[in-house]
Amino acid sequence: MEQIVQTLILGIALGGVFALMGSGLSLVFGVMRIVNLAHPSLIIAGAYVTYWGFKLWGIDPLVMLPIAAIILAAIGVILYKLVFEKEAKSAKYSEMTVLLTFATAMIVEGALGGMFTNTQRVTSPDYATDAIFFGNVFIPTGQLYAGLASLVIIGALALFLKHSRFGNAIRATTQNRDAAELLGVNVNFVGIMSFAIGIGLAGAAGSLVSFVFSFFPAKHWEWIAVLMSLVVLGGMGSILGTVLASFMLSIVAAFVGAYFGSTWSSMTFFLALFLILLVRPQGLFGEKPELA
Amino acid sequence: MSQLLEVTSLTAGYDDGPAILDGAHLTIEPGKVHCIIGPNGAGKSTLLKAICGMLKIRQGDVKFKGESLKGLRPDQILRKGICFVPQERALFPKMTVRENLRMGGYSLADKSGLERAIDEIEERFPILRERRDQHAGTMSGGQQQTLAMARTLIIRPEIVMLDEPSLGLAPKIVHEMFGIMKMMASEGITILLVEQNALMGLKNSDWGVVLDLGKTLFEGPAPEVLADPRIQELYLGGKKAA
Amino acid sequence: MMTILTETAAADATSSVLAARKAHNAKLSANADKKRAVWFPIAFLAALLVLPALQFTGNYNYVLHLVLFTACYVTMASGWNILGGFTGYISLGHNVFFAIGGYFAGMIFARYGISTIILAPFAGLLCAFVGYLIGSVTLKTRGPSFIISSLALVMIARILFDHWQFVGGANGVALKSNDLSVEWAKLPYYYAFVILAAFSVWASYKIKHSKLGLGLRAISKDEIKAESAGIDTRTYKVLAFAVSGAFVGMAGAIWGEYLTYIRPNIFLIILVSVNMVLMCILGGKGTIAGPVIGAILIIAFNELFVATLGASELNILATGVLMVVVLLFFPLGIVGTLARHHRLPRILNWD
């Protein structure tokens with residue numbers, strides 16, 4: 001019984017972090033129809049920003065989080081202008097952009113590797129290795145803080161999308177681009193801004209990742225399929241769906257890991273991705289197959 | 001100059017495709033209901049899309065109060081006071097009715113009166129108040145069309161362009177939609193209507209325009225267009241229609 | 001594949017139309033022949049076949065290595081092209097076949113000493129079979145979904161191979177090298193790869209002009225229309241997947257013995273997949289010469305890059321930049337862009 005509770009706690013904590021990692025990806029797909037395979041590599045870029053802030057000046061990763069988010073959002077705008085703006089009107093848009101984001105991921109990986117080498121790193125504030133005990137069951141404080149921070153950010157994002165004027169414009173553009181344009185929304189600007197917000201979320205997620213996992217530039221390949229599984233299961237473009245999918249899959253993966261060994265816990269995500277694409281490509285919460 | 005909107009020898013089409021509109025012209029007078037009729041593929045919807053900026057104008061010009069709209073984006077044209085309700089009704093299916101109305105006021109520079117304007121709309125269209133927290137995508141076709149038309153009123157536009165408001169609706173509901181349209185016209189809004197059901201459209205209009213093969217063939221007061229034997233034979237389903 | 005038309009030929013009207021069509025096709029291909037210089041690829045191949053004679057004059061092992069490395073990628077890129085170019089299904093997971101071919105032949109070589117060059121065709125058959133199985137599942141998706149599922153495939157394969165103790169897990173298995181003297185040691189692999197590459201180019205030409213190839217190209221233009229025109233799109237796609245996997249598998253089979261090592265991080269790294277994709281897109285997706293030109297340029301580019309700047313991280317960066325530039329400015333590739341402007345030189349028109 002204790003082991004079940006323990007596994008559940010670890011799964012939920014991990015789910016919180018994955019939820020933030022996936023929500024930026026989901027936002028960018030929803031508004032721009034870009035399947036951003038570079039998202040995980042940008043998360044790692046955010047992790048490096050946080051790592052150096054902590055290492056050089058001793059700034060707490062949670063304080064670095066908004067800084068990483070802003071830096072990455074700026075990178076997002078540059079990327080959009082350089083790489084994606086030209087493609088935004090091509091007919092085979094989504095397929096072409098998958099290859100473009102894939103190439104972008106390689107650029108980010110290569111740049112990070114060139115600057116910081118391929119050694120494994122981890123940011124180590126005190127709480128990262130601490131744990132809170134309830135009898136024999138424990139909650140690792142690092143993951144607890146990361147999960148809570150993630151939920152706060154996602155909550156703020158949800159409030160922004162639901163209640164702000166610009167947030168409404170983003171949601172409107174996601175649901176019906178032409179209609180939004182006809183009502184006076186500058187959809188191109190909404191596109192750039194949501195791309196920036198999405199990449200900013202990657203930066204924020206990177207800050208959390210930096211003390212929850214060890215990371216190195218090439219690590220993003222593992223995460224591509226993990227994050228895609230969350231976003232596809234959640235129904236491409238639905239942020240709420242992505243969050244729920246993160247918790248579901250992370251809990252399943254935690255149990256698979258506990259009973260069959262940690263190797264197979266990442267297999268859970270890959271197999272899930274495979275199965276969802278084949279059985280229910282519109283995801284749990286999507287209404288129509290968006291990726292077809 | 002009594003024309004509000006003037007379209008001269010307009011050529012337009014989709015992406016790299018052939019020109020759908022090939023030298024169409026049109027003059028819109030303020031305060032009247034104009035109805036464009038013509039067979040499928042004549043370029044009726046294309047004309048509206050070109051006016052509102054969704055399609056690039058290849059040749060010719062569209063002038064609003066003497067000022068060219070060429071090269072402007074849809075959001076810029078909307079801010080000049082031209083509103084377009086496309087066939088698909090341009091709603092946000094997963095936003096509530098109230099949120100859809102609020103999006104209708106997105107282009108307003110002054111937001112202070114927005115909530116009150118929405119309240120007024122809800123008063124005039126009780127069904128929208130009743131459904132205010134329901135997702136727009138879950139409403140019936142007639143209710144969606146009502147929402148789409150009512151939403152244009154929020155920004156007090158000068159011209160409202162309606163692309164087949166009757167599409168897929170039961171006759172009784174269609175009658176209601178034309179009622180809403182006439183009410184808008186009575187408030188001084190100029191209407192540009194595209195209607196597949198030519199008879200019905202012309203009967204509810206002041207001015208009729210016949211468009212075919214991308215060109216304007218004929219225009220005149222709606223009763224004259226209705227009575228013209230050539231038009232009757234070609235576009236109104238034979239002489240017996242009269 | 002070519003058993004069409006036998007029943008319909010009975011009807012006179014049909015057969016006369018068909019005869020006219022045949023004549024027309026013959027005329028077209030005669031015209032096409034005028035624009036083509038068949039002698040060029042043949043001469044090119046002949047030159048490569050006599051190239052090892054250089055070894056009599058000194059040590060040119062590096063040159064031989066570059067040629068056989070390029071030939072290996074020509075094989076893989078041509079294979080990938082059958083699915084990605086002709087059919088329009090972009091797979092980023094084709095290195096899975098590279099691994100399957102490499103491990104199959106490598107393990108038999110390690111245990112029984114049978115040369116992987118002999119085993120290569122069997123590795124191809126195995127990969128075609130595996131490709132058929134995988135393809136019948138993943139080809140239910142299309143567009144970005146298919147690309148993502150192909151990535152998932154690589155991740156799954158990597159975990160499986162990393163933990164499969166029978167094949168040495170992540171450490172892999174060392175293979176013994178041959179006992180030829182240094183200057184001749186590369187020769188068997190050299191000839192194997194050059195011939196394999198030539199075969200794959202010839203085969204993809206044949207496939208492109210077969211009924212299968214026609215169907216595949218119809219799928220890449222508009223799958224729904226192709227289906228309504230009576231093309232069994234599912235079977236065609238799965239066949240394309242299997243055949244393209246077979247070529248990659250054959251290359252993998254020999255590659256392991258050449259490197260004297262089979263290990264997951266030789267076969268299952270993303271750069272291998274990317275190279276196949278990039279070569280085809282750079283050279284010209286769906287053309288015959290495209291993968292060859294792409295392979296030559298990318299390998300040259302890589303060598304130059306590694307020689308001058310060294311670090312493999314920068315190589316990844318440069319490959320990424322190159323890919324973005326090609327995708328944005330030459331999405332049709334070299335052959336495709338030249339052909340569109342009617343400037344394709346005859347020696348590069350292999351279609």
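Leaving aside neighbours within four places in sequence, Ile197(A) touches Leu27(A) and Ala73(A); two residues are in contact here if their C-beta atoms, placed from the backbone, lie within 7 Å. This is a predicted model, where local features need pLDDT of at least 70, side-chain atom pairs count only at pLDDT 80 or more, and totals for chains, interfaces and linings use all residues. Residues are numbered from 1 along each chain as its sequence is written, while chains are lettered from A and ligands numbered from 1 in the order in which they are written. For the complex, the predictor gives an ipTM of 0.87 and a pTM of 0.83.

**Chain A: around Ile197**

- Ile197(A) sits in helix α8, residues 187–212 of chain A; helices (H or I, at least four residues) and strands (E, at least two) are DSSP runs, numbered from the N terminus.
- Ile197(A) counts as buried because it has 23 C-beta neighbours inside 10 Å. The cut-offs are 20 or more other C-beta atoms within 10 Å for buried, 12 or fewer for exposed, and partly exposed in between, with C-beta atoms placed from the backbone.
- Ile70(A) is 127 residues away from Ile197(A) along the chain, yet their C-alpha atoms are separated by 8.9 Å.

**Chain A: annotated regions**

- An unreviewed UniProt entry carries the annotation "transmembrane region" for several stretches of chain A, including residues 137–161 and 182–211. UniProt positions are given in the numbering used here, feature names are shortened, and annotations may be inferred rather than shown by experiment.
- Residues 182–211 of chain A are 87% helix and 0% strand, with end C-alpha atoms 45 Å apart.
- Residues 137–161 of chain A are 84% helix and 16% strand, and here the end C-alpha atoms are 37 Å apart.

**Chain B: a sheet and a helix**

- Chain B has 10 helices and 10 strands.
- Four of its strands form an open sheet in the order β2-β1-β4-β5 (chain B), with antiparallel pairing; two strands pair if DSSP finds at least two bridges between them.
- At the edges are β2 (19–28) and β5 (67–68) of chain B, each pairing on one side only.
- Strand β1 (residues 5–13) of chain B is joined to β2(B) by seven bridges, and the two run antiparallel.
- Gly13(B) has Ala19(B), in β2(B), as its bridge partner.
- Helix α1 (residues 44–52) of chain B packs on this sheet and touches β1, β2 and β4 (57–64) of chain B. Its direction makes about 70° with that of β2(B); axes are lines fitted to C-alpha atoms, for helices over the stretch in contact, and angles run from 0 to 180 degrees between N-to-C directions.

**Chains B and C: overall form**

- Chain B has a radius of gyration of 18 Å, which agrees with the value near 18 Å for a compact globule of 242 residues. This radius is taken over C-alpha atoms, and the globule rule is 2.2 Å times the number of residues to the power 0.38.
- Buried residues are 46% of the 242 in chain B.
- Chain C has 15 helices and two strands, and 49% of its 351 residues are buried.
- The C-alpha atoms of chain C fill a box of roughly 65 × 45 × 40 Å along the principal axes.

- The average pLDDT of chain C is 85, and 92% of the residues score at least 70; pLDDT is the predictor's confidence in each residue, from 0 to 100.
- Over residues 1–11 of chain C the pLDDT is below 50.
- Where pLDDT is low, the predicted coordinates should not be read in detail.
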